[in-house]
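Keep the structure in view while reading.

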Amino acid sequence: MAKRAKTDFEKHWAFQAVFPLLIFFTIITIIIVIFSILSKEFLTAFNLLQALKYLANTGIVSLGLTFVVAVGKSDISFHYVSCFAGMTMSYFIGMFMGGKGIPPIPAILLGLFGGLIFGIINGIAIGKFKLPDMITTIAVGSLAWGMAYLYNGGNYIYQNFLTSGIIQFSDGKLFGWLPFPVLYLFSFYIIGYIILHCTTFGRRFYATGHNPVAASFSGIKVEHYITLAYMICSLMASFSNMLMTAAQGNGNVKGGLVLLMPAWAAVFVGISIFKKPTVYGTFLGAFLIAIMQNGFTLMHTPYYVMDLIIGITLIFAILVSRIQIKSGKVSAFKLSGKEFQLQSTSQRGIQK
Amino acid sequence: MRNFFSKIFKIFQPQFILIWTLMALIVAFSFLSSSFRAYDNLFEILRTSCNTAVLVLGLTWIIAMNEIDVAFPDIAAFGSMVTAFCVMEGLPWSLSILIALLTSAFFGLISGMLINIFKVPSLIATIGITTIAKSAAYIIGKGSPIYFSKIDPTVNFLVYGKIYGIPVLFIIVLLLYILAAFLQNRTKLGQYLYALGENRQAAFEAGIPGKKIIYAFFLLSATLASLGGVLLLASFSSGQPNFQGSYFVDGLSAVFLGALTIKIGKPNVIGTLIGAIIISTLTNGLTLLGVPFYVGIIIKGLLMLVGVVMIVATRYPFRKATRKIHTQSYSSP
């Protein structure tokens with residue numbers, strides 16, 4: 001049998017694997033150097049913790065999204081669902097039982113439960129009944145967002161926030177120095193890493209994403225994994241928005257809407273670096289976003305200019321980390337067929 | 001006789017159910033509210049539906065092509081802010097609108113490049129574009145809307161004017177949609193469009209200029225979204241940097257509800273127009289009944305969900321049959 005010719009990827013595997021990572025860290029270093037020149041407070045231990053607190057919001061929600069992308073689906077409802085969960089928590093703290101409210105921990109659990117319901121609806125509709133993912137998530141998302149308005153007609157809920165101790169959920173510190181959000185962030189990421197990368201259970205998410213038919217023939221219950229992925233995504237998004245709500249000190253219907261862009265961007269930067277959705281790739285993506293948000297906040301940049309620069313940098317980072325070698329020379333932006341692709345786009349389920 | 005009945009029952013087929021829904025909605029609202037059934041109000045519904053209809057005309061084809069564009073509300077905001085800014089700088093209205101359309105088309109070009117050259121999935125590309133467009137809209141107004149004291153009479157006539165009681169805007173949008181329907185159903189381009197959506201690889205192998213078509217439709221979508229923004233600018237008499245999220249849900253509901261009519265499961269322009277009218281009827285009727293606006297969001301979500309379930313349910317017997325064939329071919333070697 002003739003020996004198979006090596007593919008481009010096999011010839012240049014070291015370059016292919018290392019180059020995007022190298023590019024990415026160069027970009028991060030450049031950003032850090034620029035910020036530390038422009039602002040004296042940037043490279044301090046205090047500010048590092050602040051940056052990690054920023055990272056908690058984006059990082060936790062994009063960790064959940066990683067699971068959904070790993071099963072090859074897409075979710076554009078999690079930011080709406082997170083609004084519902086945040087408002088549920090605020091309602092139970094501020095307005096339940098005629099304004100008396102309940103303690104923070106049951107309220108947080110109820111909020112998570114509220115988010116989870118929509119995750120289950122998404123998961124069952126897409127996994128079990130094979131509805132097309134984009135339409136379904138937009139529909140369920142608008143349901144969730146409309147229902148978030150029901151609590152207080154779209155007004156802020158701020159009663160009992162200072163007295164009930166919910167502020168501690170976001171501002172509390174372990175041992176007097178480690179902020180709770182950082183603790184949540186790292187514990188979630190470690191658990192997520194172990195689940196997705198170190199167990200058979202986690203490999204099955206990837207199997208589902210790469211080829212659902214093959215996966216189901218090898219005995220994987222595909223619909224269970226899809227449902228589970230959507231549940232994890234909505235739980236993480238709800239948790240992230242509740243952290244934001246606790247930090248702001250009021251429940252806001254539109255508070256969670258900012259989560260959509262950074263979460264997708266973080267996941268996709270991760271895919272660009274490691275060629276598939278991974279927990280560590282997502283972490284690097286979220287880190288890139290958080291460090292820029294932190295730096296621009298220190299420089300008192302208006303939020304809209306900040307969004308513009310972050311958007312451009314992200315697109316640039318994604319493009320640059322996709323440079324690959326093809327037949328001996330560096331060809332810009334040609335992708336190999338093995339690249340992980342989003343299955344998604346809207347209509348697949350319907351048209352067949 | 002049987003033939004006659006089968007012809008009658010044809011109008012109850014699933015592809016016409018959305019039209020029946022629209023009629024049922026109109027009848028129900030007319031019973032409930034006397035101000036709804038007023039002659040002027042019915043035409044006002046048609047007029048407001050035109051905003052959504054123009055916003056999502058390009059999006060319809062993009063979704064038919066199996067891509068997605070989530071940037072349209074923010075490109076609309078950008079278009080309205082550019083127009084407002086240029087008018088405030090003293091340029092004539094026609095020139096300002098032209099500048100707005102051209103600059104917005106640039107966003108479409110970038111999305112097209114990201115998708116074609118850099119192979120970024122369209123969801124990610126347009127999420128990036130939407131952020132940039134929104135920030136650009138905010139930067140133009142330095143973070144706040146631009147208000148007008150008066151609107152150009154020609155634009156005012158086009159948006160608010162009436163000929164024999166029928167809104168001019170609706171007539172224009174109807175002509176636009178008839179043109180679009182011709183393009184979609186009677187030209188090669190329309191066939192290529194659905195071919196690209198059905199099987200991208202096969203379409204490319206058959207020699208369809210897919211990349212050019214993707215460029216063209218993303219350019220068209222951005223331009224039409226911007227035009228929708230200009231119409232909204234005239235309705236609000238101010239340039240808004242942010243349309244507050246409701247146009248996103250409205251637009252996508254119109255397209256996906258429209259996918260339930262005429263060509264089942266495939267977005268098409270006539271369906272989109274009907275979808276836009278349904279959304280506008282719902283909003284108008286619920287407002288006149290004194291229902292808070294967020295109930296409208298819930299109802300739209302439910303409608304979309306029911307619609308999707310219905311499409312899949314009507315296709316289920318077919319799928320079951322094919323599955324049977326597959327299992328047979330597997331089991332009998």
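Leaving aside residues up to four places away in sequence, A:Ile232 touches A:Gly64 and A:Phe67. Two residues are in contact if their C-beta atoms, placed from the backbone, lie within 7 Å. A:Ile232 sits in helix 12 (residues 222–248) of chain A. Helices (H or I, at least four residues) and strands (E, at least two) are DSSP runs, numbered from the N terminus. A:Ile232 has 23 C-beta neighbours inside 10 Å, so it counts as buried. The cut-offs are these: buried means 20 or more other C-beta atoms within 10 Å of the residue's own, exposed means 12 or fewer, and partly exposed lies in between, with C-beta atoms placed from the backbone. From A:Ile232 to A:Leu131 the C-alpha to C-alpha distance is 19 Å, and the two are 101 residues apart in sequence.

This is a predicted model, in which local features need pLDDT of at least 70 and side-chain atom pairs count only at pLDDT 80 or more, while totals for chains, interfaces and linings use all residues. Residues are numbered from 1 along each chain as its sequence is written, and chains are lettered from A and ligands numbered from 1 in the order in which they are written.

**The two chains**

Along the principal axes, the C-alpha atoms of chain B fill a box of roughly 75 × 55 × 35 Å.

**Helix packing in chain B**

Helix 3 (residues 39–64) and helix 8 (residues 168–186) of chain B pack at about 35°, with axes 9 Å apart. Axes are lines fitted to C-alpha atoms, for helices over the stretch in contact, and angles run from 0 to 180 degrees between N-to-C directions. The crossing of helix 3 and helix 8 of chain B is left-handed. A crossing is left-handed if the near helix is turned anticlockwise from the far one by less than a right angle, and right-handed if clockwise. Helix 3 of chain B brings B:Leu46, B:Arg47, B:Cys50, B:Ala53, B:Val54 and B:Leu57 against B:Leu169, B:Phe170, B:Val173 and B:Ala180 of helix 8. By class, this contact of helix 3 with helix 8 of chain B holds nine nonpolar, no polar and one charged residues. Ala, Val, Leu, Ile, Met, Phe, Trp, Tyr, Cys and Pro count as nonpolar, Asp, Glu, Lys and Arg as charged, and the others, Gly among them, as polar.

Helix 4 (residues 72–88) and helix 5 (residues 93–116) of chain B cross at roughly 145°, and their axes come within 8 Å. Here helix 4 of chain B passes helix 5 in a right-handed crossing. The residues that meet include B:Phe78 and B:Val82 in helix 4 of chain B, and B:Ile97 and B:Phe107 in helix 5 of chain B. The contact of helix 4 with helix 5 of chain B has 10 nonpolar, five polar and no charged residues.

In helix 9 (residues 188–198) of chain B, the buried residues are B:Leu193, B:Leu196 and B:Gly197. Viewed down the axis of helix 9 of chain B, they fall within an arc of 100°, so they line one face of the helix. The arc is that of the directions from the helix axis to the C-beta atoms.

**Positive phi**

Most residues other than glycine have a negative phi. A:Lys130 is not a glycine, yet has a positive phi of about 55°. A:Lys130 lies in the loop between helix 6 (104–128) and helix 7 of chain A. With 19 C-beta neighbours inside 10 Å, A:Lys130 counts as partly exposed. B:Lys142 also has a positive phi of about 55° without being a glycine. Its place is the loop between helix 6 (122–140) and strand 1 (146–147) of chain B. B:Lys142 has 10 C-beta neighbours inside 10 Å and counts as exposed.

**Between the chains**

Chain A gives 47 residues to the contact and chain B gives 44 residues. On the side of chain A that touches chain B, the elements giving two or more residues are helix 7 (133–150), helix 13 (260–274), helix 15 (303–320) and helix 16 (348–351) of chain A. Helix 7 of chain A supplies the largest share of that side, 13 residues. The side of chain A that touches chain B has 31 nonpolar, 13 polar and three charged residues.
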